[in-house]
Amino acid sequence: MSELRRPIESGVPDSKQFMHPALVRNYGNWAWHDRPRPGVLRHVAAGGEAVFTVKAGTQRQMDIFTLRKLCDIADQFCDGHIRFTIRSSVEFTTPDESKVKPLIERLEAEGFPVGGTGNSVGFISHTQGWLHCDIPGTDASGVVKAMMDELYDEFKNEDMPNRVKITTSCCQINCGGQGDIAINIQHTKPPVINHALVAGICERPTVIARCPVAAIRPALVDGKPSLEVDEKKCVCCGACFPPCPPMQINDPVHSKIAIWVGGKHSSTRSKPMFHKLVAAGLPNNAPRWPEVAAVVKKILATYKADARPWERMGEWIERIGWPRFFEMTDLPFTKYHVDTWRGGRANLNASSHLHF
Ligand code: SF4
Ligand code: SF4
């Protein structure tokens, strides 16, 4: 193989090349840290040097003008260093304490709220939505923007019993994560099949194998190979749509939003927890999702008023019990909230060819 054609093993780039020099100087050598005010972290190294990090919220999907504005702020206050977190907050780092106040004032004046640290509602983590993914049923990024506008003060202040992590997911099967509150798409009708396209673009065995309840069968329609769905079995998960786009499941009316609560990834204080469904069938009402915002705000207000200091959402619910949670939040509890998995052995796909 010639020199030119040799593959380059890129891997993850060395992060130190992007760090502020003050962080590189003290790397792995920190003595303590605190938060002088919401949205500001102070890390003090063993040698005594203090480094300040100012965290701000963004509008999630950023145009080039916003990115340039953020970079200009980094040039002015932080020697050209800027860092985006996995939740699309932005962090500015400087060892110069005199720059912290003017930096905060400039960020706030430009519309970037400073906060998201400690016991606040942190920036909402989101999946990609309509802009970047090919299977979403809603625009997770839009949901994030709409919710964060509603939760502006909760982001800027640290008034919650513990930190609150909110997540979104724009399909029922792929990315997203456990959250104190999770805002997830919920399909409520089986897919509608465009038979004219199936033979041309779908690998039928792959699609059949993906269905978790074995509801998809091969079929001949108008003399062409296609698929059919046993709608009594279908649980509307949407897993068939990615490998076979003609199995259209996204629907402007029947794709809804569901809210789950009480999940967490961390093992601080208690074990990681799975979130659980508390509200289903909310309208997927872009661009502001007011019905979803109302439920999220009601849950947050109840948690804030009733949880003990340092209780995460799931720990609070475990203490008061689920019946009390539904009473206090005025959310209806229905038979659909109960999943005992009874019958799962018979109707879940037991094939060894199941692929995800
Ligand atoms: S949650 Fe689903 S639809 Fe949304 S970005 Fe991830 S894979 Fe795509
Ligand atoms: S994969 Fe999911 S949506 Fe598709 S037919 Fe099976 S259960 Fe229904």
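These are my notebook entries on what I looked up in this predicted model.

**Entry 1**

I began with the protein as a whole, and its C-alpha trace spans about 75 × 70 × 35 Å along the principal axes. I then went through the secondary structure, which comes to 11 helices and 13 strands. Of the 356 residues in the protein, 45% are buried.

**Entry 1. The largest nonpolar core**

I next looked up the largest nonpolar core, which holds 58 residues, and noted that Ile 166, Ile 259, Val 296, Ile 299, Leu 300 and Phe 325 touch the most other members. Several elements each supply at least two residues of this core, among them the strands β7 (181-187), β10 (224-229), β12 (255-261) and β13 (276-282) and the helices α4 (140-150), α8 (290-306), α9 (313-320) and α10 (322-329). The element that gives the most to this core is α8, with seven residues.

**Entry 2. Ligand 1**

I listed the residues around ligand 1 and found Thr 127, Gln 128, Cys 133, Ile 135 and Pro 136, together with Ser 169, Cys 170, Cys 171, Asn 174 and Cys 175. Sorted by class, this shell has six nonpolar and four polar residues, and no charged residues.

Which residues come nearest to ligand 2? There are 14 residues around this ligand, and the ones that come nearest are Cys 211, Cys 234, Cys 237, Gly 238 and Cys 240. By class I recorded 13 nonpolar residues, one polar residue and no charged residues in the shell around ligand 2.

I then asked where ligand 2 sits, and the answer is the largest cavity. That cavity has about 80 Å³ of space, and its lining consists of 14 residues, of which Cys 211, Cys 234, Cys 236, Cys 237 and Cys 240 lie nearest the centre. The lining of the largest cavity divides into 13 nonpolar residues, one polar residue and no charged residues.

**Entry 3. The second largest cavity**

The search of the whole structure finds three cavities of 30 Å³ or more, and I went on to the second largest cavity, where about 50 Å³ of space lies. Its lining is made up of Ile 135, Cys 171, Gln 172, Ile 173, His 187, Cys 237, Gly 238, Phe 241, Pro 242, Ile 249 and Asn 250. I classed this lining as seven nonpolar, four polar and no charged residues. Ile 135 and Cys 171 are included in this lining, and I had already written both down among the residues around ligand 1. Cys 237 and Gly 238 also belong to the lining of the second largest cavity, and they were among the residues that come nearest to ligand 2.

**Entry 4. The second largest pocket**

By class the lining of the second largest pocket has eight nonpolar, six polar and two charged residues.

**Entry 5. Backbone details**

Most residues other than glycine have a negative phi, and most peptide bonds are trans, so I looked for departures from both.

The peptide bond from Ala 286 to Pro 287 is cis, with omega near 5°, and Pro 287 is found in the loop between β13 and α8. Trp 289 has its place in the loop between β13 and α8 as well, and its phi is positive, at about 45°, although Trp 289 is not a glycine. Is Trp 289 buried or exposed? Trp 289 counts as buried because its relative accessibility is 1%, which is under the 20% cut-off.

Ser 88, in the loop between β4 (83-84) and β5, has a positive phi near 65° and is likewise a residue other than glycine. With a relative accessibility of 10%, Ser 88 also counts as buried.

**Entry 6. Trp 130**

Trp 130 and Trp 289 are 159 residues apart along the chain, and their C-alpha atoms are separated by 15 Å.

Terms used. Residues numbered from 1 in each chain as written. Chains lettered and ligands numbered in written order. Predicted model: local features only at pLDDT ≥ 70, side-chain atom pairs only at ≥ 80, totals over all residues. Heavy atoms only, no water. Near = heavy atom within 4 Å. 1 Å grid on protein atoms, 1.4 Å probe; cavity = no way out; pocket = protein on both sides within 12 Å on 5 of 7 lines; lining within 4 Å. Sits in = over half its atoms within 2 Å of the grid points. Nonpolar A, V, L, I, M, F, W, Y, C, P; charged D, E, K, R; others polar. Core = buried A, V, L, I, M, F, W, Y, C linked by side-chain atoms within 4.5 Å. Buried < 20%, exposed > 50% of the residue type's maximum accessible area, 1.4 Å probe, protein only. Helix = DSSP H or I, 4+ residues; strand = E, 2+ residues; numbered from the N terminus. Points joined across faces, edges and corners; volume = space filled by probe spheres on them.
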